[in-house]
Amino acid sequence: QAQSNATLYGRVDLGYRHDSGGVRQQIANNSMNAVGFRGVEELGDGLQAFFQIEHRFDADTGLPRTPFWDEISIVGLRGAYGELRLGRQGGPFGVAPDQDAFGGDTVAGAGERKAGADDKYNNSVVYWTPAAGGFSAAVGVSAGEGLQRRGASAVLRYAQGPLLAMVSYADRSNRDHAWAAGGIHDFGAAKLILAAAHNDGDASGKERTTFDLGTIVPLGRGSLRAKLNHDDNDGVKTRNFGLGYWHDLSARTLLYSDIGLQKTDGLERVRRFDFGIRHNF
Amino acid sequence: QAQSNATLYGRVDLGYRHDSGGVRQQIANNSMNAVGFRGVEELGDGLQAFFQIEHRFDADTGLPRTPFWDEISIVGLRGAYGELRLGRQGGPFGVAPDQDAFGGDTVAGAGERKAGADDKYNNSVVYWTPAAGGFSAAVGVSAGEGLQRRGASAVLRYAQGPLLAMVSYADRSNRDHAWAAGGIHDFGAAKLILAAAHNDGDASGKERTTFDLGTIVPLGRGSLRAKLNHDDNDGVKTRNFGLGYWHDLSARTLLYSDIGLQKTDGLERVRRFDFGIRHNF
Amino acid sequence: QAQSNATLYGRVDLGYRHDSGGVRQQIANNSMNAVGFRGVEELGDGLQAFFQIEHRFDADTGLPRTPFWDEISIVGLRGAYGELRLGRQGGPFGVAPDQDAFGGDTVAGAGERKAGADDKYNNSVVYWTPAAGGFSAAVGVSAGEGLQRRGASAVLRYAQGPLLAMVSYADRSNRDHAWAAGGIHDFGAAKLILAAAHNDGDASGKERTTFDLGTIVPLGRGSLRAKLNHDDNDGVKTRNFGLGYWHDLSARTLLYSDIGLQKTDGLERVRRFDFGIRHNF
């Protein structure tokens, strides 16, 4: 049998979806479907080299959602001095409001919670400090390479006991500036999740502000999840409500069912419903 | 060494081909070249979660034949109550006439044997019953999602001792209707394979009827294979004859050589010849 | 855990690059980024079946550089009678001048050293003889398939003790003819590398001649590398000088830093600088 220095991993998530504002009955990707390769090599003295490349696709049609390897494509080193990652990757800004009761997935996970400022960067460098007293931080820069303005973002992270809290800032290549804050507290009977973000829209003057409130309540072999989301996009307000029960068949496989309600100023309310299976490998 | 929850698998098949009606001398893909990932997870109580994604390519040019992951892209559950598969996949209709002396591959495997009704479906659900008394059955539905009419098909399967027999029916999204029957009987000294299919062409009135007769005779470390194929496509008749010897170097690798003759009404007879190597991994 | 008959392998190489004649500051792929699958099966009696498919991508943007599986896509057999490979692959011509102090990578590895005649072939067959007395040889032919003229090339290889020497010839599908010679001698304190190639340009009359001289000097846990390259392309001369230090963190991972100088007749001298990390998996 063959041995590789890399691990094949991914996710296939498919199920039924009903959308009162779109396709009424469909077999849909209720979360991202992905396949990727990653690996870690021990270099001695606690130093590690690592890489990761990942691709997203639509399992309902078998078509790529984005080009290979658009989701992430990095190589890096980590050790006592922190972690350095080079390549295409998400910027540190998006980390702060990245917690979500639904992982941003399913009909219940709808709603912008990063003020539209959650960039993936080409040609980028991200450095994470080691953790000290529960604190760690990351800064990321993406080279403009003459094609665009250089973009940069940073995040400060605090993780101690039941609390994880983060604040972040982005100076985007399109000259927007955004900040975000997010946190998750595990009360045992439930986790409470909060996120907020603001984008100044810069010269366009089109400000965007988002709030997101969620909870995950362990229940039997699964969890009950709910969230409220508010998005004020240059005065146009959208409110999302999501509720779901996710049942773990194993650590890798779950069944889920969710409802989502969405109301945007001036538009009809949209009702969504889904159920499906998610399998991580 | 890295461990994955998924298996990398595929096939590379290349060889020489001569085609009196096309390219005279070529290095050709004599069967599908494929690469895919699949995995099975035991969930306890006999329940399994599984996934599979597969992509086809032309090994002679190194180019994709279809987009990733067009061939199949599914997730499913199987257990005491049968098997449920969601995603992009072949419909149950094609299962009945799916046996072929050449697997539909090489110059000898030419010839339509599914009356042109062998669909792959996006957004589909296929359910297979458990087997009982040798019988099992499958039904499949593909959601139209507002883009097309819903398609559906079903197959009934009987497998007992040396006999495998199947009948199937399809109500296609283009309003055609098709039925098919197929079987394989292992007489020990040889396997005999039969398939027939009919497509009513619906409103177009362009009926299509196909017959296929094949045999596989074990011979030394390989097998002698032959088939006759008849295709009446709205009155235009095509006849194919194929003959080949396939030599197994191992359970995964084989050498083959085949001839194929094709005669279509009003066209010159085409003679084809191939030899090559097929490697499954 | 899943077992595969194939190995996942590849490379991610990213770093900083400065180019006085191009993008001043960039995060760049300083060598090819690749991912591929390969496998070998023992068939008994020393016979092996093998396959390999490989794809190149730009890790800085996460985009494919070439279609899957453009780099190589082959199946073959090897044993006491030599090795036969079918599919898309490099021709034997390019093997002779294939040694390079920088593997053709990084800013220091710049410079044509194969007289522009280093083809990848679709639909090709390459046969390598077994080695005898240090000698081995390969011939390769790519079928024109009615689209182009058949191309062919051959290489003679001598490997004994510290010396590897090769000469090759190509009769290209565009009617050019090219020869090349290359060698590497390991003196212990340093390796010396030489390559030369000539392309007659055929009817176009645009001859091209290239020379390449390089050295690799082991130094601590890494190596000091240098090369000089000369390319006379129909009278337009380009000279490249490259110098670099490559530090091995492990057998799979290295840090490198290089400088490259390039002067083409009539153009300004270009200065390049890079440093980065390369991780093989």
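**Exercise 1. Describe the extent of the contact between chain A and chain C.**

Solution. Taking contact to mean heavy atoms within 4.5 Å, one finds 35 residues from chain A and 33 residues from chain C in it. This is a predicted model, in which local features need pLDDT of at least 70 and side-chain atom pairs count only at pLDDT 80 or more, while totals for chains, interfaces and linings use all residues. Residues are numbered from 1 along each chain as its sequence is written, chains are lettered from A in the order in which they are written, and side-chain values use heavy atoms, with hydrogens and water left out. The buried area (accessible area, 1.4 Å probe, lost by the two parts on being put together and summed over both) is about 2,700 Å², and carbon and sulfur atoms give 64% of it.

**Exercise 2. Identify the salt bridge across this interface, and count the polar contacts.**

Solution. With a salt bridge defined as a side-chain nitrogen of Lys or Arg within 4 Å of a carboxyl oxygen of Asp or Glu, the rule finds one between chain A and chain C. It joins the side chains of E41(A) and R252(C), at 3.8 Å from N to O. For polar contacts (N or O atoms within 3.5 Å, one able to donate a hydrogen and the other to accept it; residues adjacent in sequence count only if both atoms are side-chain atoms), the count between the two chains is 10 residue pairs, both residues at pLDDT 80 or more.

**Exercise 3. Find the rotation that relates chain A to chain C.**

Solution. Superposing by least squares on the C-alpha atoms of residues with pLDDT of at least 70 in both copies, a rotation of 120° with 0.0 Å of shift along its axis brings chain A onto chain C, with an RMSD of 0.0 Å. The two copies are therefore related as by a three-fold rotation axis.
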